[in-house]
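Please load the model in a viewer and keep the selection panel at hand.

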Amino acid sequence: MTDDPADTLDTATTDPGTLVGRIDRDETIELLQELVRIRSPYFEEEAITEFVYDWLDSRGHDPEYHPVSEPDITGFEGNNVLARLAGTDPDAPTLLLNAHMDTVEIVEAWDEDPLSGRIEDGKLYGQGACDMKGGLAGIMVAFDVLAATDVDLAGDLLFSAVVDEEGPYGLGANQLVRDEITDECDAAIVTEPGPILAQTTIENPALLLGARGRFLYDITVTGEAAHGSQPQKGTNAVVDAGRLADALAAMDVGTHEKLGDGSVCPIEIEGGGETLSVPESCRLLADRHVVIGETEDVVRADAERVVADLDLDSDVQIDFRDAPAPDVRYGPYVTDADDPLVNALSSGVETVTDDDPAIGYFSSVGDFNYFGHRADLPTVIVGPDGENIHGAGEFVHTDDVVAVARIVTAGCVSLLG
Ligand SMILES: [Zn+2]
């Protein structure tokens, strides 16, 4: 905090150990509790957006609302919250610190208040506690410490708390790319939960240096109606869609030495009705997680090959889910293990834990794909671990939250100092 007596000293410090010591455990966890107690499913982030803005404002960090608008598909209007720390050297890198403020819809199966922020045995419970209010609290307190008047970083630091990560298009992060804010940046840290969503089994402290990408097949199967008592006279679109779903789930997909294997998961099938008719149409949605090299053309050709091999009587039209713009998609990326950002965070981990970080890769997609793939920034995920993400009983380990705040602080100093 800027009114800390230590901040009024004349000598500037960029000593990671000193700054890490300024991350106060109790203050960090109390902030996390406040964040968890604010209901904030995606598209309903107004209250938490105001809270984050006010918190930064009350500490003199001059935050700004960054408008997010998507009129065509979702009609969403909201705001990201940004804050900037200007470095002393225009040639030094600019680092983006990112967390999302929204959660999934609150799951009904909770057997306690899903917004309690209750702490027991070092676990803090609540919807979004791990994904990712723990990481949000972490970058808030890290930014606060780095903004102290006696800290002189050479590079710029850009704090971004974004909306709608859990929604269908990552609209908050998309707006950072769309408005060319990511063009000002040289690297990105995202404090999403790490090890629990890694492709391989790892434990914190961990750095995740990449993520798979994602497409969503939107497939229309068109058969031919007939009376349901004489199915041989028609072409059953539901049956053919079922066969196609089965074949897609079993098809060969790509693999990558770091990101692991791609995957396919049919997730929705809809068609036919109660009328005694051979169903003439059916829609099939199938998730496809991809690795580097599996472009849209490749992914489309794969599905077309599956369709051709099945030799269905129905017509099959393969499309992808609508997006607000053609570039709004989750592409895979890998950040070089020798990148200065990775070195900086590794030394941050060492400062805080006396350990080397485990290295992993994220199994699914998120805002980090927009930074790592679309904006082509070296992007690293370092976040607290927990359990039951997106489910009832979600919790985050409080020790991890404090450690992440400290690792980010030390990593920022190491990269920008
Ligand atoms: Zn998340």
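## Stop 1

Begin by selecting Asp-302, which is found in helix 7 (residues 296-310); helices (H or I, at least four residues) and strands (E, at least two) are DSSP runs, numbered from the N terminus. The model is a predicted one, in which local features need pLDDT of at least 70 and side-chain atom pairs count only at pLDDT 80 or more, while totals for chains, interfaces and linings use all residues. Residues are numbered from 1 along each chain as its sequence is written, and side-chain values use heavy atoms, with hydrogens and water left out.

Is Asp-302 buried or exposed? Asp-302 counts as buried, at 11% relative accessibility; buried means under 20% relative accessible area, exposed over 50%, and partly exposed in between (1.4 Å probe, protein chains only). Neighbours within four places in sequence aside, Asp-302 is in contact with Tyr-217, Met-251 and Arg-288, where contact means heavy atoms within 4.5 Å.

Salt bridges that share partners join Arg-288, Glu-294, Asp-302 and Arg-305 into one network. Arg-288 is buried, with a relative accessible area of 0%, and Glu-294 is buried as well, with a value of 8%. Side chains of opposite charge can pair when their charged atoms come close.

## Stop 2: two further salt bridges

The structure holds 19 salt bridges. Select Asp-287 and Arg-214, whose side chains meet in one of them, at 2.3 Å from N to O. Asp-287 lies in strand 13 (residues 281-290) and Arg-214 in strand 9 (residues 213-222), so the pair ties together parts that are 73 residues apart in sequence. Asp-287 counts as buried, at 8% relative accessibility, whereas Arg-214 is partly exposed, with a relative accessible area of 22%.

Next, select Glu-184 and Arg-84. These residues form a salt bridge in which the closest N and O atoms are 3.1 Å apart. Glu-184 belongs to the loop between helix 5 (171-178) and strand 7 (187-190), and Arg-84 to strand 2, so this pair links parts that are 100 residues apart in sequence. Glu-184 counts as partly exposed, at 41% relative accessibility, and Arg-84 counts as partly exposed at 39%.

## Stop 3: two loop residues

Select Pro-93, in the loop between strand 2 (76-85) and strand 3 (94-100). Pro-93 is partly exposed, with a relative accessible area of 28%. Which residues does Pro-93 contact, leaving aside its neighbours within four places in sequence? They are Gly-155, Asp-156, Asp-186, Leu-415 and Leu-416.

Move to Val-328, in the loop between strand 14 (315-320) and strand 15. Val-328 counts as buried, at 7% relative accessibility. Apart from neighbours within four places in sequence, its contacts are Tyr-169, Asn-174, Arg-178, Ala-323, Tyr-370 and Arg-374. Val-328 and Val-177 are 151 residues apart in sequence, yet 9.7 Å apart in space, C-alpha to C-alpha.

## Stop 4: the two domains

Colour the chain by domain: domain 1 covers 5-212 + 332-416 and domain 2 covers 213-320, with bounds that come from an automatic or database domain assignment. Taken over C-alpha atoms, their centres are separated by 37 Å. The contact takes 12 residues from domain 1 and 13 residues from domain 2.

How much area is buried between domain 1 and domain 2? The value is about 880 Å², of which carbon and sulfur atoms give 67%; buried area is the accessible area (1.4 Å probe) that two parts lose on being put together, summed over both. Select Arg-212, Pro-332 and Tyr-361, which supply 60% of the area that domain 1 buries against domain 2, more than any other three residues.

Between domain 1 and domain 2 the count of salt bridges is zero. On the side of domain 1 that touches domain 2, the elements that give two or more residues are strand 8 (206-211) and strand 15 (333-334).

Methods
Salt bridge = Lys/Arg side-chain N within 4 Å of Asp/Glu carboxyl O.
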